[in-house]
Amino acid sequence: MTLINIWSLGHFVQWTFVGRFLFSNWWLFLFLSIGWEVLELYLPYEFVRETWDNKASDLVVNTIGFVLGNRLRYETEKL
């Protein structure tokens, strides 16, 4: 398993959308992002089985997507 995979792209797009259109609260973002990674530890599905390195890279990708979404939000508000 690689650190960046097709699921990483999904995480990035999802959090960019959330940061741009839904909310910009960092505490809520952290709660949902970390909470999902913890929840994956207990889900009985094969697609959630991943290494700790991949979980860490998911959090990094989530953060980059959320930052980009927030920047897009504030750039369009300036216009």
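Mentor: Let's start with the overall fold and then go through the helix packing and a few residues.

Trainee: Before that, what kind of model is this?
Mentor: It's a predicted model, so keep that in mind for everything we say here.

Trainee: Okay, how many helices and strands does the protein chain have?
Mentor: There are three helices and zero strands. Going along the sequence, the pattern reads α-α-α.

Trainee: And what box do the C-alpha atoms fill?
Mentor: Roughly 45 × 20 × 15 Å, taken along the principal axes.

Trainee: What share of the residues is buried?
Mentor: Buried residues are 30% of the 79 in the chain.

Trainee: What about contacts between residues 24 or more positions apart?
Mentor: Those account for 77% of the contacts with a separation of 6 or more.

Trainee: Then how do helix 1 and helix 3 cross?
Mentor: Helix 1 covers residues 6-22, and its axis comes within 7 Å of the axis of helix 3, with a crossing of roughly 30°. The two helices are therefore roughly parallel to each other. The crossing is right-handed.

Trainee: Which residues meet there?
Mentor: On the helix 1 side they include His-11, Phe-12, Trp-15, Val-18 and Gly-19, and on the helix 3 side they include Asp-58, Asn-62, Phe-66, Gly-69 and Arg-73.

Trainee: And helix 2 against helix 3, what's the angle?
Mentor: About 155°, with the axes 11 Å apart; helix 2 is residues 26-40. That angle makes helix 2 roughly antiparallel to helix 3. Here too the contact involves a list from each side: from helix 2 it includes Trp-26, Phe-29, Ser-33 and Glu-37, and from helix 3 it includes Lys-55, Leu-59, Asn-62 and Phe-66.

Trainee: What's the handedness of that crossing?
Mentor: Helix 2 passes helix 3 in a right-handed crossing.

Trainee: Switching to the core. Which residues make up the largest nonpolar core?
Mentor: Five residues: Trp-15, Val-18, Phe-23, Phe-29 and Phe-66.

Trainee: What does Phe-66 touch, leaving out residues up to four places away in sequence?
Mentor: Trp-15, Thr-16, Val-18, Gly-19, Phe-23, Ser-24, Asn-25, Trp-26 and Phe-29.

Trainee: Now Asn-62, is that buried or exposed?
Mentor: Asn-62 lies in helix 3, and it counts as buried because its relative accessibility is 1%, with the cut-off for buried being under 20%.

Trainee: So what does Asn-62 touch?
Mentor: Not counting residues up to four places away in sequence, Asn-62 touches His-11, Trp-15, Phe-29, Ser-33 and Glu-37.

Trainee: What does the side chain of Lys-55 make a polar contact with?
Mentor: The side chain of Glu-50, at 3.3 Å. Leaving out residues up to four places away in sequence, Lys-55 touches Glu-37, Glu-40, Leu-41, Val-48 and Glu-50.

Trainee: Let's look at the outside. Is Phe-21 buried or exposed?
Mentor: Phe-21 sits in helix 1 and is exposed, because its relative accessible area is 52% and the cut-off for exposed is over 50%.

Trainee: How far apart are Phe-21 and Asn-70 in space?
Mentor: C-alpha to C-alpha, Phe-21 and Asn-70 are 8.6 Å apart, while in sequence they are 49 residues apart.

Trainee: Last one, what about Leu-9?
Mentor: Leu-9 has its place in helix 1. With a relative accessible area of 49%, Leu-9 is partly exposed.

Trainee: And how far is Leu-9 from Leu-22?
Mentor: Leu-9 and Leu-22 are 13 residues apart in sequence and 19 Å apart in space, C-alpha to C-alpha.

Technical notes
Residues numbered from 1 in each chain as written. Predicted model: local features only at pLDDT ≥ 70, side-chain atom pairs only at ≥ 80, totals over all residues. Heavy atoms only, no water. Polar contact = N/O pair within 3.5 Å; in protein donor to acceptor, adjacent residues only side chain to side chain. Contact = heavy atoms within 4.5 Å. Core = buried A, V, L, I, M, F, W, Y, C linked by side-chain atoms within 4.5 Å. Buried < 20%, exposed > 50% of the residue type's maximum accessible area, 1.4 Å probe, protein only. Axes fitted to C-alpha atoms, helices over the stretch in contact; angles between N-to-C directions. Helix = DSSP H or I, 4+ residues; strand = E, 2+ residues; numbered from the N terminus. Parallel < 35°, antiparallel > 145°, perpendicular 65-115°, else oblique. Left-handed = near helix turned anticlockwise from the far one by under 90°.
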